[in-house]
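Please walk me through the structure shown below. I am new to it and would like a plain account.

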Amino acid sequence: MSKELTNRSDDYSQWYNDLVIKGGLADYSAVRGCMVIKPYGYAIWEKMQFVLDSMFKETGHQNAYFPLFIPKSFLAREAAHIEGFAKECAVVTHYRLMNDPNGNGVIVDPDAKLEEELIVRPTSETIIWNAYKGWIKSYRDLPLLINQWANVVRWEMRTRLFLRTTEFLWQEGHTAHATKDEAIAEARTMLDVYAAFAENWMALPVIKGVKTANERFAGAEDTYCIEALVQDGKAIQAGTSHFLGQNFAKAFDVTFTNKENQLDYVWATSWGVSTRLIGTLIMAHSDDHGLVLPPKMAPIQVVIVPIVKTAEQLTLIDEKVNVLRKELISKGITVKYDNDDKQKPGWKFAEYELKGIPIRLAIGPRDLENGTVELARRDTLTKSTVPLQGLEDVIIGLLDEMQLNIYNKALAFRDGMITEVNSFDEFKKVLDEKGGFISAHWDGTPETENIIKNETKATIRCIPLDNSLEAGNCVYTGNPSIQRVLFARAY
RNA sequence: CGGGGUGUAGUACAGUUGGCAGUAUGCCUGCUUUGGGAGCAGGAGGCCGCAGGUUCGAGUCCUGCCACCCCGACCA
């Protein structure tokens, strides 16, 4: 037993770390808070990128790339923005090293001090809007719909593999519009894109909502989000989309001439998802045997393991498998045939279970005689013997079924973890004993939200977009409330 | 930044009263094996986190430092 996993029920954090490390998704690095994303983890990210990028293109966006470094003065232009990010910025102050005259290796050359410090981007609104100023003159230049795939740095006090690291990978869309309504529509459209991606591809049910003022992005008028729930009952913000109003246009003096020949400030949005999605995916679906990946996100969907005693048997199986593999590949299924003889079947079974590969086929001498394979599905851990004849169609159907099954399981869990409460005692009791989302009335003030946060560590995750209005009384103050909001402890 | 923990072989760990650096696993070789993490035999692998100190002698005792992990405060 080389790779024992911690059980979820024993230590959820350790279980998660074990999956990430032992599943080969990522590794710790020499730099605190920064991680190495290993090939298997990066392959998941590439799948996410490919699907999302296609969705962005379909909605009219183009990719571009803006600098990693942002002049300090840029960040400071928008007051709320700098206030939100100031405490987590990495700052470049010098541009050269030199040999230590005292012989202690290399030191920063004191003569190479930058006139103006550069900030390693925590997000790119400022550098991008500075560029947009030169690009936008007329309503004919709008809308400007741009996305970039990039890394960003936020100097976090406490980090967690994939979910919160000092450097992370993401995409950030930055759009410019002639009207407020169009910008809001854009922010909502991209939220819908994220929700569709999460549900249809990651098998992750999410709640679309709008953030309260406390939780709003620094510099936004409104922040929309998709909120997911993972197995320990904590919420995770899986994606955000911001309506930025004219805040950045005003800060960077980006104006355009409208159809009425009047000068006006441009309306903006920004939106992003990050490698945090990988962590969310892991926490949402996996079990004590390892990762469980929904077929649409699995870098390898089907793994085939031969079971042989002799080289002759292996040759026969190789022939059968090569035919099967070609058929599966031609239908768009990713297949790995592991006929490596350095590991035994039992080892491979455990390893591929750990890695969350949806379908495992085993073919041995018995199957050769009977024209069958043993098929094991990762989501249910069940095995069956199925005929080789027509296997491709069985697999195609099964992958779809598994995708749906994983989604439905997560959905049932999530729905069972939304609890309506009507008193603060009940609120605290449910939060401690059950977790999940708590649907409760709130008086709408940041003060009350803060008090609840300080007392319970729960925050308002969002006001669901499809919320129904319902008169009631704030669970904390008893003041009148027009609707319930969702509270939870969150990652 | 506070609290806790861990630093010894690739990995996970043990190391007694201060006295030759160990176990498992993994790795290499060979044979036997192969339907749930194989067996036997042989072999390689160490700056015991770093720096000082005490001592005839330090993985072990003392002082200082560093790194990483976990829990909090902060956050996508």
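**The surface near the RNA**

In this predicted model, the residues of the surface near RNA strand B divide into 19 charged, 15 nonpolar and eight polar. In total, 42 residues surround RNA strand B, and the closest are Arg 158, Arg 164, Arg 276, Arg 360 and Asp 367. Of the RNA atoms that come within 4 Å of the protein, sugar and phosphate account for 40%.

Some individual approaches can be picked out. Ser 13 has a polar side-chain atom 2.6 Å from a phosphate oxygen of RNA strand B. Glu 353 instead faces a base, with a polar side-chain atom 2.7 Å from a base nitrogen. Helix 10 supplies the largest share, seven residues.

The next part of the picture is helix 2, which covers residues 39-58. Its 20 residues reach 28 Å from first C-alpha to last, close to the 28 Å expected. Buried residues in helix 2 include Tyr 40, Trp 45, Met 48, Leu 52 and Phe 56. After the helix comes Gly 60, whose phi is positive, near 90°.

Side chains of opposite charge can pair when their charged atoms come close. The structure holds 22 salt bridges. One of them joins Glu 117 and Lys 72, at 3.3 Å from N to O. Glu 117 lies in strand 8 (residues 113-120) and Lys 72 in helix 3 (residues 72-75), so this pair ties together parts 45 residues apart in sequence. Glu 117 is buried, at 19% relative accessible area, whereas Lys 72 is partly exposed at 42%.

A second bridge pairs Asp 432 with Arg 489, with the closest N and O atoms 3.0 Å apart. Asp 432 is in helix 13 (residues 424-433) and Arg 489 in the segment after strand 27 (484-488), 57 residues apart. Here Asp 432 counts as exposed, at 55% relative accessibility, and Arg 489 as partly exposed, at 25%.

Salt bridges that share partners also join Lys 211, Glu 215, Glu 227 and Arg 461 into one network. Where does Arg 461 sit? Its place is in strand 24 (residues 459-464). Arg 461 counts as buried because its relative accessible area is 6%. Its side chain makes a polar contact of 2.7 Å with that of Thr 459. Beyond its neighbours within four places in sequence, Arg 461 is in contact with residues including Cys 225, Phe 437 and Leu 486.

Notes:
Residues are numbered from 1 along each chain as its sequence is written. Chains are lettered from A and ligands numbered from 1 in the order in which they are written. This is a predicted model: local features need pLDDT of at least 70, side-chain atom pairs count only at pLDDT 80 or more; totals for chains, interfaces and linings use all residues. Side-chain values use heavy atoms; hydrogens and water are left out. Helices (H or I, at least four residues) and strands (E, at least two) are DSSP runs, numbered from the N terminus. Buried means under 20% relative accessible area, exposed over 50%, partly exposed in between (1.4 Å probe, protein chains only). A polar contact is a pair of N or O atoms within 3.5 Å; within protein, one must be able to donate a hydrogen and the other to accept it, and residues adjacent in sequence count only if both atoms are side-chain atoms. Contact means heavy atoms within 4.5 Å. The expected span of a helix is 1.5 Å times one less than its number of residues. A residue is near a molecule or strand if one of its heavy atoms lies within 4 Å of it. Ala, Val, Leu, Ile, Met, Phe, Trp, Tyr, Cys and Pro count as nonpolar, Asp, Glu, Lys and Arg as charged, and the others, Gly among them, as polar. A salt bridge is a side-chain nitrogen of Lys or Arg within 4 Å of a carboxyl oxygen of Asp or Glu.
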